[in-house]
Amino acid sequence: MVNCCGLVTVKNEPVPLKSIAVEVSVQGHVATVSSTLQYENQEESPLEAIFVFPLPGEAAVCRFSAKIGQTEVVAEVQEKQKAREQYDDLLSSGQQAFLLEESDESPDVFKLSVGSLPPGEKASVSLDYVTELAVQADDGLRLCLPAVLNPRYQPQGSDRGSGGSALVSSVPAGSVPYSLSLSAHVSSPHPICRIESNCSLDPLNYLNTEKTQATVSLAAGHQFDRDVELLLYYQDTHQPTAIVEAAQTSAKPGSLMGDPVVMLSLYPEFPNDVMSSMTSLGEILFVVDRSGSMSCPMHNGSVAQDRIGSARDTLLLLLKSLPMGCYFNIIGFGSRYESFFPKSVEYSQKTMDEALQKVKAMRADLGGTEILQPLKHIYSQPCLPDQPRQLFLFTDGEVGNTKEVLDLVKANAGSHRCFSFGIGEGASSALISGVAKQGGGHSQFITGQDRMQPKVMQSLRFALQPAVVDISVKWNVPKGVSVTPLSPPIRVLFQGQRALLYAQLTGKSSGDTEGSVTVKYNLAEQPVENQLSFSLKPAEDTGLTIHRLGARTLIRSLEMEERQGDGKKKGVQEKVVELSVQSGVSSVFTAFIAVHKVDGEAVQGPMLLRQVPTPSVSVSVKQQRRSFLKTSMSRRTVYGAAMNMSMPKKMSFNVQADMGPLGLRSKFSKMSKLHSEDLDCPATSSNPVKDTLLQLISLQKASGSWVLEAALAEVLGKTEEEVAKPKPAPVDQEVWATVLALVWLYGFKMEAQEEWQFLALKAVSWIQAQKAASVSECVQAGNTLLGCQVQKDTLGL
């Protein structure tokens with residue numbers, strides 16, 4: 001059993017990771033991240049250190065090297081089983097080796113084994129990956145260095161995912177025995193307006209007068225107790241762009257690396273007349289995680305709401321914002337799942353009230369995280385005629401069968417669209433982004449002190465947009481040049497959202513150096529066409545970033561094809577291995593191995609296994625008691641234990657991992673069953689401040705109107721008498737109350753307009769349907785009463 005500080009060595013000293021340095025290079029919409037880890041073996045025996053850590057789900061690991069003394073060895077990519085066997089053999093014979101592999105079950109989990117470090121020896125390990133930057137609701141580009149990997153719930157009867165599930169331990173934040181430094185160089189075709197972070201940054205340093213190049217660093221003394229997020233804001237973010245990257249000079253022409261690759265960032269602009277009419281049709285299913293971990297706080301601040309509480313508030317807002325005429329249901333899931341209604345019901349005052357009563361009683365009390373079963377249940381239900389089905393999935397993303405979930409979502413993408421929300425730090429980016437990508441929807445991450453509501457409302461806006469159908473992409477290139485798409489076909493487009501496309505350009509043009517791409521689609525039965533021209537001349541050195549992201553995109557598509565073909569489709573795995581080895585990009589079927597050939601004698605003595613400890617935000621004493629680790633065994637036994645540890649059927653354990661090459665705090669587990677009591681979280685504030693906006697929203701009727709009552713007067717900061725008195729005589733009380741609510745929203749809550757825009761639209765439609773007289777007089781009287789200056793036109797009346 002380990003003590004309350006997590007894993008220590010036999011001498012009660014910390015494990016030998018000493019420091020982590022991260023360098024980030026951003027070029028427009030993509031980033032290369034380089035991490036260097038410094039190790040030191042302070043023990044009297046040879047040592048193997050093992051890390052399980054998270055990376056962004058869309059990342060492509062493209063370089064791995066190790067330096068011992070003055071000698072650097074660069075890893076090569078090999079077929080995974082071959083690499084594991086070579087690593088095992090090398091360590092058994094006393095050689096030094098390093099192995100980096102992707103989890104079999106989730107592409108955002110990696111395991112790093114640092115093998116056979118002699119006593120007193122120092123080593124540094126470097127890891128590079130490339131990734132796309134996600135566009136946020138406010139047009140910022142988000143780069144996240146994950147510090148957290150939450151426990152991955154392994155469904156009952158499942159014995160998968162050993163590729164990433166080595167045992168690792170955790171220590172409380174602040175006790176981690178290594179430091180983190182981070183610096184970023186940002187380059188953009190458009191001026192850089194600002195860079196924000198959830199962590200303290202040194203001031204932004206512009207490198208040129210155009211402000212298209214800048215550097216920024218994490219402030220010294222950073223405690224790595226949360227994900228590090230950088231939000232980059234450029235001028236004209238929504239301008240379509242194309243980058244052509246030159247071939248790798250050493251690669252064979254005709255191969256992926258031997259030809260130029262183009263990356264297109266497309267921003268479709270939809271006609272205004274179509275976008276002004278939101279659809280009122282649809283069956284909207286809210287699928288909400290109610291596992292034990294949802295009782296954890298949203299962030300580490302002093303008045304943090306718990307995750308399930310934030311989900312309740314968000315469901316209130318969503319239920320009030322739904323259009324009349326749609327259908328809905330709410331499904332909560334954990335180890336089992338529960339639906340509010342046996343099947344979807346039509347949205348009305350009665351069904352909304354009934355759902356809201358159940359939302360109020362919703363708790364994080366359904367045990368572990370089984371996403372697959374509720375999804376199977378939903379997909380087995382027949383769709384309603386002329387009511388497109390849309391899923392909103394809310395989870396803190398702790399599952400061990402990510403790929404099974406993604407395969408199921410993709411298989412049903414023809415009839416269902418999925419929008420996904422990762423709640424709290426450590427939500428699996430592979431799961432959250434993957435569900436949206438395969439389900440033709442949009443993903444959002446709610447971390448730090450983010451409010452969930454504006455992000456969810458942006459997705460609701462997307463869900464209620466008219467569907468884009470019959471999407472086609474046509475490449476127009478000069479004679480002698482051919483285009484091979486690396487990205488799967490575009491299946492979904494949203495107003496204001498980016499679509500990235502990668503393609504390989506083979507051959508040469510005799511003269512013309514211009515190409516273009518045309519995207520055609522139908523929107524609300526109207527044909528729309530967007531075109532982007534680009535130069536075939538390669539950009540200046542981009543470090544093969546575009547090639548690697550293109551290779552990663554193709555590898556992920558092939559991996560899914562191989563899984564969905566149940567191995568029947570011959571040659572897909574071989575193609576992935578060949579592409580992975582050629583491009584140097586990680587895949588589920590390959591691993592990086594670096595071998596340090598030691599001169600003279602082999603490393604002597606029994607091997608010790610050390611799981612690197614990392615900070616934990618909310619490790620309970622109960623969890624610490626369950627931590628399990630063997631600290632000293634022979635090399636052969638250790639490897640088998642780390643890779644194939646099996647536990648008694650009835651025993652559940654939650655061994656906490658915590659930190660990877662990015663200063664990564666992870667809590668990795670393999671468990672047969674996790675009950676809600678397995679996750680004890682710090683108590684959240686029992687008396688949260690009343691949110692007047694949510695109070696007002698809770699009073700709105702399903703039709704969009706408000707009633708003149710004491711509760712409304714309280715939100716407006718008046719007595720019931722003060723509110724009733726200035727009502728123009730001929731006006732109905734309900735119309736007056738609804739106008740007052742609108743004036744208050746526009747007068748005092750404009751900063752939260754994204755959250756209440758649908759409520760306001762419903763309210764305006766309701767007022768117009770009443771054909772009420774004296775609406776102008778109402779607005780004027782409402783302004784006088786509330787001390788506002790809101791114009792009637794502003795309200796849409």
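Modeller: The protein has 18 helices and 34 strands, and the model is a predicted one. Among the contacts with a separation of 6 or more, 76% are between residues 24 or more positions apart.

Biologist: How many disulfides does the protein have, and how do you know?

Modeller: The count comes to zero disulfides, the rule being that the two cysteine sulfur atoms must lie within 2.5 Å. Cys 199 illustrates the point, since the nearest cysteine sulfur, that of Cys 144, is 9.6 Å away, and Cys 199 is therefore in no disulfide.

Biologist: Is Cys 199 buried or exposed, and what makes it so?

Modeller: Buried means under 20% relative accessible area, and Cys 199, at 8%, therefore counts as buried. Cys 418, with a relative accessible area of 3%, is buried as well.

Biologist: Why can one say that the buried residues of α4 line one face of the helix?

Modeller: The buried residues in question are Thr 351, Met 352, Ala 355, Leu 356 and Val 359. Seen down the axis of α4, they fall within an arc of 135°, so they line one face of the helix. These buried residues pack against α3 (307-321), β21 (327-333) and β23 (345-346), whereas the face turned away from the buried side carries the exposed residues Lys 350, Gln 357 and Lys 360.

Biologist: Where is Thr 212 found, and why is it called buried?

Modeller: Thr 212 is found in the loop between β15 (205-206) and β16 (213-217). Its relative accessible area is 17%, and because the cut-off for buried is under 20%, Thr 212 is classed as buried. Not counting residues up to four places away in sequence, Thr 212 touches Val 186, Ser 187, Ser 188, Pro 189, His 190, Pro 191 and Ile 192.

Biologist: What makes the pairing of Thr 212 and Asn 208 a polar contact?

Modeller: The side chains of Thr 212 and Asn 208 are joined at 2.9 Å, and the cut-off for a pair of N or O atoms is 3.5 Å. The value lies within that limit, so the pair is called a polar contact.

Biologist: Why is Arg 417 called buried, and which residues is it in contact with?

Modeller: Arg 417 lies in strand β25 (residues 416-423), and its relative accessibility of 16% is under 20%, so Arg 417 counts as buried. Leaving aside neighbours within four places in sequence, its contacts include Arg 389, Gln 390, Leu 391, Phe 462, Val 492 and Phe 494. Ala 463 is also one of the residues in contact with Arg 417, and the side chain of Arg 417 reaches the backbone oxygen of Ala 463 at 3.3 Å. The C-alpha atoms of Arg 417 and Lys 437, 20 residues apart along the chain, are separated by 9.7 Å.

Biologist: What makes Ala 467 partly exposed, and where is its place?

Modeller: The place of Ala 467 is in the loop between α8 (452-463) and β27. Its relative accessibility is 47%, between the limits of 20% and 50%, so Ala 467 counts as partly exposed. Leaving aside neighbours within four places in sequence, Ala 467 is in contact with Asn 522, Leu 523 and Ala 524. The C-alpha atoms of Ala 467 and Leu 493, which are 26 residues apart along the chain, are separated by 8.3 Å.

Notes:
Residues numbered from 1 in each chain as written. Predicted model: local features only at pLDDT ≥ 70, side-chain atom pairs only at ≥ 80, totals over all residues. Heavy atoms only, no water. Buried < 20%, exposed > 50% of the residue type's maximum accessible area, 1.4 Å probe, protein only. Helix = DSSP H or I, 4+ residues; strand = E, 2+ residues; numbered from the N terminus. Polar contact = N/O pair within 3.5 Å; in protein donor to acceptor, adjacent residues only side chain to side chain. Contact = heavy atoms within 4.5 Å. Arc of directions from axis to C-beta.
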